[in-house]
Amino acid sequence: GWLNLLQFTAILSVNLGIINIFPFPALDGGRLLFVAIEKIRGKRIDQKIENIVHSIGFSILMILIVLVTYRDIVRWGGQIIDKIF
C-alpha cells in the first residue's frame, strides 16, 4: 500500500544521501573533501587537477556500476530466463 511505498522511498532517500556524502571523487563528499583540503592548505587546488580527479572517480564509479550490474545479470539472469520460458 501507500505506507509501504512511502517507507521504501524514505529508506532509499536516506541511503542515497549517506552514500553521496562518502569522500569519493565525483560525489558530493568528494567535493567537500576538496573544500576541506583547500581550507587546511589555505589556497585553492588547481582546477585542472580537481577535474582530473573527479573524472577518474566518475569513471571508477561507472565501471563499478557496470560490474555490479553484470554480476547481478549473471547471478539472477539464468533464473529469470528459466521462469519466462
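## Model and confidence

The model is predicted, so local features need pLDDT of at least 70 and side-chain atom pairs count only at pLDDT 80 or more, while totals for chains, interfaces and linings use all residues. Residues are numbered from 1 along each chain as its sequence is written, and side-chain values use heavy atoms, leaving out hydrogens and water.

The average pLDDT (the predictor's confidence in each residue, from 0 to 100) of the protein chain is 88, and 92% of the residues score at least 70. Among the elements of the chain, α1 has the highest mean pLDDT (92) and helix α3, residues 47–84, the lowest (85). Helices are DSSP runs of H or I with at least four residues, numbered from the N terminus.

## Helix α1

I18 belongs to helix α1, which covers residues 2–20. With a relative accessible area of 47%, I18 is partly exposed, a term for values between buried (under 20%) and exposed (over 50%), using a 1.4 Å probe and protein chains only.

## Helix α3

E50 is part of helix α3. Its relative accessibility is 4%, so E50 counts as buried. Leaving aside residues up to four places away in sequence, E50 touches R31, F34 and E38; contact means heavy atoms within 4.5 Å.

N51 also lies in helix α3. N51 is partly exposed, at 41% relative accessible area. Between the C-alpha atoms of N51 and F34 the separation is 11 Å, and these residues are 17 apart along the chain.

Conventions
Helix = DSSP H or I, 4+ residues; strand = E, 2+ residues; numbered from the N terminus.
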